[in-house]
Amino acid sequence: MNQPDVIIAGAGPVGLVAANLLADEGASVLLLEAEDKLPTNLRASTFQSSTLDMIERFGVNERLIEQGVVSPRMQYRDRSGWFTEFDFASLKNDTNHPFRLQCEQYKLCELLLRRLESRSNAQVLFSARAETACQSESQVKLKTFVTGEEREISGKWLIAADGGKSTVRASVGIKLEGFTWPERYLVASTKFDFESAIPGISTVSYFADPEEWYFLLRVPGMWRVMFPIGENENDEILLSDADINRRLQRVFTKTGTYDIQHRTIYSVHQRVASKYRVGRVFLAGDAAHLNNPLGGMGMNGGIHDAFSIAERLAAVVKGKSSSSILDGYEAERRPVALEYVDKISTANKRNLETKDPTARQAWRETMERTAADPELARQYLLKVSMIESLRKYKQAA
Ligand SMILES: Cc1cc2nc3c(=O)[nH]c(=O)nc-3n(C[C@H](O)[C@H](O)[C@H](O)COP(=O)(O)OP(=O)(O)OC[C@H]3O[C@@H](n4cnc5c(N)ncnc54)[C@H](O)[C@@H]3O)c2cc1C
């Protein structure tokens, strides 16, 4: 494709959402993906109501919902048996999707890729690694390695959706400010049926504990369990059947061992890019912000970024708006990452892990009071479903 309107680096959920929206609006789009096919590693699995409402325009929701688990409720629990529950039905007048959808992010990517490939104004290149961007007043030039061969690709605008280690972000000199938590997280998946074992458990349940908090969520065919792990623990031991079984037996003590279908360890960050834009280059998704996964906000926030920047670029490319509307992107989305996602995900972590009995009791009482009052419960769910942040920070596009 010669001089596309928009080049997008990275075919994760954020790059694919932006590419689909731009192509639908008539912009020419070139999407570059470093891998030779869509990555299918297990990462995000929570789709918030706000995101489902937004991606409805692509006509993929029915298929996505069929491939996922609809969670109408979420619970906070602890190991004593205490729990409090929120019902997403409180949002029935606020969203077309008053639930959380548990579905692996690659399933959305596959649906969006298929859709994009049917567009004549879009091209997807695999094994195409974006390296460095440089720009003039009228275009961006991107040094790229396509199946190992260096190629310079130019376009009018560039969206860096190339993930947390974004090379494009580094090449335009933007810093990802913040910190990395000292502990890492372990995620294990098992087919064991926690719903039968723990009566009344919802398919999204967060367990507070001063020694070892965890969360349990159901995805199609299995449950995923996430635990924090210490700084100096050995990966080989942590990933062994024996060690994972030891942790799972503390979640629910059963005879025999747990089947472990999948296991992974990952580092956790709270970081936000110092800027979301340098000239013709925009950062979106993990390239712009990283947060701990408690609350399921990383991918969702990234998809919200993709809508904001793609709508703005489409309007500029099609001559419907002047380029000044592009300034609204950072003004709209960076405060959400800083004042919203970062704060909520950090508070979620602190509430689950606190060792202070007074703080733990205060949190339990707040959750109970909030869940018991219909309007407080609705306000709370508007926040965690990321509907409130869209309403609050929306800038005119
Ligand atoms: C275990 C785990 C659980 C999570 N759970 C949730 C959750 O429940 N809800 C939630 O909202 N978020 C969750 N997240 C976070 C979520 O996965 C990320 O926020 C999301 O993947 C970000 O999407 P993205 O498209 O910005 O980046 P990515 O998904 O990282 O996609 C980037 C893409 O760019 C490609 N790429 C990389 N470098 C280049 C390059 N130089 N050139 C071209 N292509 C490149 C990569 O191969 C990849 O395909 C979780 C993360 C983890 C690790």
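**View 1. Strands S9 and S10 of the predicted model pair in the antiparallel sense.** Strand S9 spans residues 128-135 and strand S10 residues 140-146, with 7 bridges between them; two strands count as paired if DSSP finds at least two bridges between them. Strands (E, at least two residues) and helices (H or I, at least four) are DSSP runs, numbered from the N terminus. Ala 128 has Val 146 of S10 as its bridge partner. A hairpin of 4 residues connects S9 to S10.

**View 2. Strands S3, S7 and S4 form an open antiparallel sheet in the order S3-S7-S4.** Strand S3 (46-47) and strand S4 (69-71) are the edge strands, each pairing on one side only. S3 and strand S7 (residues 100-102) run antiparallel and are joined by 2 bridges. Opposite Thr 46 stands Gln 102 in S7.

**View 3. Helix H9 (residues 298-317) and helix H10 (residues 327-353) cross at roughly 160°, their axes coming within 9 Å.** Axes are lines fitted to C-alpha atoms, for helices over the stretch in contact, and angles run from 0 to 180 degrees between N-to-C directions. The crossing angle therefore makes H9 roughly antiparallel to H10, a term for angles over 145 degrees. Gly 301, His 304, Asp 305, Ser 308, Ile 309 and Arg 312 of H9 make the contact with Gly 328, Tyr 329, Glu 332 and Arg 333 of H10, where contact means heavy atoms within 4.5 Å.

**Notes.** Residues are numbered from 1 along each chain as its sequence is written, and side-chain values use heavy atoms, leaving out hydrogens and water. In this predicted model, local features need pLDDT of at least 70 and side-chain atom pairs count only at pLDDT 80 or more, whereas totals for chains, interfaces and linings use all residues.

Terms used:
Parallel < 35°, antiparallel > 145°, perpendicular 65-115°, else oblique.
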